[in-house]
Every structure is written in structure tokens, then in C-alpha cells.
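This report describes a strand pair, the nonpolar cores and the salt bridges of the structure shown below.

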Amino acid sequence: MEFLTNEKLVIVGAAGMIGSNMAQTAMMMHLTPNICLYDPYAPALEGVAEELYHCAFEGVNLTFTSDIKEALTGAAYVVSSGGAARKAGMTREDLLKGNAQIAEQFGKDVRAYCPDVKHVVVIFNPADITGLITLLYSGLKPSQVSTLAALDSTRLQHELSKYFGIPADKVVNSRTYGGHGEQMAVFASTTLVDGKPLVELIGTEALPAAEWDAMKQRVIQGGKHIIDLRGRSSFQSPAYLSIEMIAAAMGGKPFRWPVGTYVNNDKFSHIMMAMETTVDRNGVHIQDVKGTPEEQKELEESYKHLCTLRDEVIAMGVLPPVSEWKNLNPNVG
């Protein structure tokens, strides 16, 4: 059996629906034979492991533990869904305080037990903030920590595919940037629909402006819609996309979607947000986000919203003031 790498992959939060799906997806994609499942809830974790053993995957050394030191020691790659799940009536931001504290401890554990890790993906919400906290406490380089942002762009692709009645792969380069939350920036100028620029269709009979506005709201509320339909938050889509992301970091095929990454430049300062990126063995590399003046304004508003959340976490005492970040993590500019 051929694998992408032989290095250790750790799934944090493996007893949950996202975590267990990530583990199965990683094995189905033949990422590595060495996979360790971690969760503090031991009975459910063992249940997940037992089910995966019953799948009879070939050549996989699957282990599980509720000891975080044992789990992370020797890890080359880590994907964490180890926060509280979003429930009906909650926004991602409602999860802020509890998951911020979980992210702080996770970052400290990475620093203590796997400081040589190559890449960490954080997907528990609000992912922009939990990823930022993890980065700062882990001591890793910004290129080594990423968050799941692709889900909003895939939701936009799906909405356009459904509306126009065409296969999803006929919708090319659908993009959302900024926050993974209610203030995300939904772009139109990047997208081709069956070879035609989306911006040329908006405001015509093919796609009236009001319908486009409604579509953007469906994208923004995509997670809430899943909760309304299923009675629980999304787990299949974030699991698959996060494993696609870690596969790219292992040197696999390029990741097709925006990635949540640390940004500190002349436009956006000391924040984790969805950007146009490439992901490879050397980590995440930021590219320019191109859009209309109106789209750039939406992105700036999304950035301001994320800054507000970041400052709330600082006020909670989970993070120090921005001026002190380099004392916590010298790799962060």
C-alpha cells in the first residue's frame, strides 16, 4: 500500500463526528499509515477506534489515547476539531470564550510535546480566533498553522451550481475571504460559471441582483441551514476539506480553496483570516486577494469584525496585548 508519507498524523477531538470522519477520510486517502486518535472522552474514542478497525483498512497502524502527551509526541501533522460544537441558535462567535481557552491549552500542548511538528490545522469555531490563539501559544511559524476557511467557498460553489443547474466543477474559483462567520466577504469577480464571468451574469435575467443577494445570505448562513435540517452542525464537509488541506501540507495535490492564515501586512494587521493561498510542504503562502472596490470594502469590514473578536479575547485575558505577542511567539511579526 502506497502512502503520501509515513509520518505521524494526530486527529484531536477524534471521538466527535468531525474527528471520526477526518480519521476515516485520512485512511481512505492513504495519507499515512501512522495515525493517532486523541480525545479526552475515552469511551467514545475507543468506540471510534473499534469502528475504524472494523473497516479493515490495509497497512494502517491506528492508535488511540486520551493522554495528550502520548498523542502529540512525535507528531508531524495535527488536525484539531477539539472544541465545543455549535448548537441550534448559536453563532460561531457564541462559542468564543470556551473554545478560546481550549485553543490556548492546545497551543501550549503543541509547544510542549511536538515542537517539531510540520503543520497544524485548526477547525473548531470560531476558527479564525482559535487558530490565532493556537499559533501564538504553540510557538510555531505562521506558515505552519492554518484554519478551515474553504467551507464557505464550497457553499458558494454549490449555490451557483444548484441555481444554474450545472455540475459543480463548471463553477470555477468561487471565493469567500475574511472571516469564517457572519461577516465573511463573498466575492463574485473571481468566479466563472460555465465559462462566463459571474459578474456579467449578476443583474441580468440569468441572475437578478436580488437573487444574488439572497444567494450570498444562504452562503453566509450555510452552517445554520445544516443545523436546521439535521439538528447538528456540519461534520462531513469540514472533515473532508480539512484532510484535503493537511494532504497538501504533506506534499499532496494542491489545495483548491482559500485557507485561514496569519496575516500581518500593510493592509491587515495581526489577524488570522481566509486569504488566497497555496499550501505545500513548506506551509501556507499568502497571495494577493483581487476583487472589485466593493468586494475589497466587504473584506475590510470582515477584517474589522475579526479584530473585534480578537480584542475580546485579549480582554478576557486569554491573549496578551498585541504589542506583547512577540514575547509569546517570536515567529509572529
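## Strand pairing, cores and salt bridges

Strands E14 (residues 277–280) and E15 (residues 283–286) pair in the antiparallel sense over four bridges; strands are DSSP runs of at least two residues (E), helices runs of at least four (H or I), both numbered from the N terminus, and two strands pair if DSSP finds at least two bridges between them. The model is predicted: local features need pLDDT of at least 70 and side-chain atom pairs pLDDT 80 or more, whereas totals for chains, interfaces and linings use all residues. Residues are numbered from 1 along each chain as its sequence is written, and side-chain values use heavy atoms, without hydrogens and water.

A hairpin of two residues connects E14 to E15, and Thr 277 stands opposite Ile 286 in E15. In E14, Thr 277 and Val 279 form the covered face, while Thr 278 and Asp 280 form the uncovered one. In a regular strand the side chains alternate between the two faces of the sheet.

The largest nonpolar core has 49 residues, of which Val 78, Ile 133, Met 273 and Leu 319 touch the most other members. Such a core is a set of buried Ala, Val, Leu, Ile, Met, Phe, Trp, Tyr and Cys residues joined through side-chain atoms within 4.5 Å. Helix H11 (residues 293–316) gives the most to this core, with seven residues. Leaving aside residues up to four places away in sequence, Ile 133 touches Ala 100, Ala 103, Glu 104, Val 313, Val 318 and Leu 319, contact meaning heavy atoms within 4.5 Å.

The whole structure holds 13 salt bridges, each defined by a side-chain nitrogen of Lys or Arg within 4 Å of a carboxyl oxygen of Asp or Glu.

| Lys 162 | Glu 159 | 3.8 Å |

Lys 216 is buried at 16% relative accessibility, and Glu 298 is partly exposed at 29%; buried means under 20% relative accessible area, exposed over 50% and partly exposed in between (1.4 Å probe, protein chains only).

Lys 162 and Glu 159 are three residues apart in helix H6 (residues 150–164), which separates them by about one helical turn. Lys 162 is exposed at 52%, whereas Glu 159 is buried at 9%.
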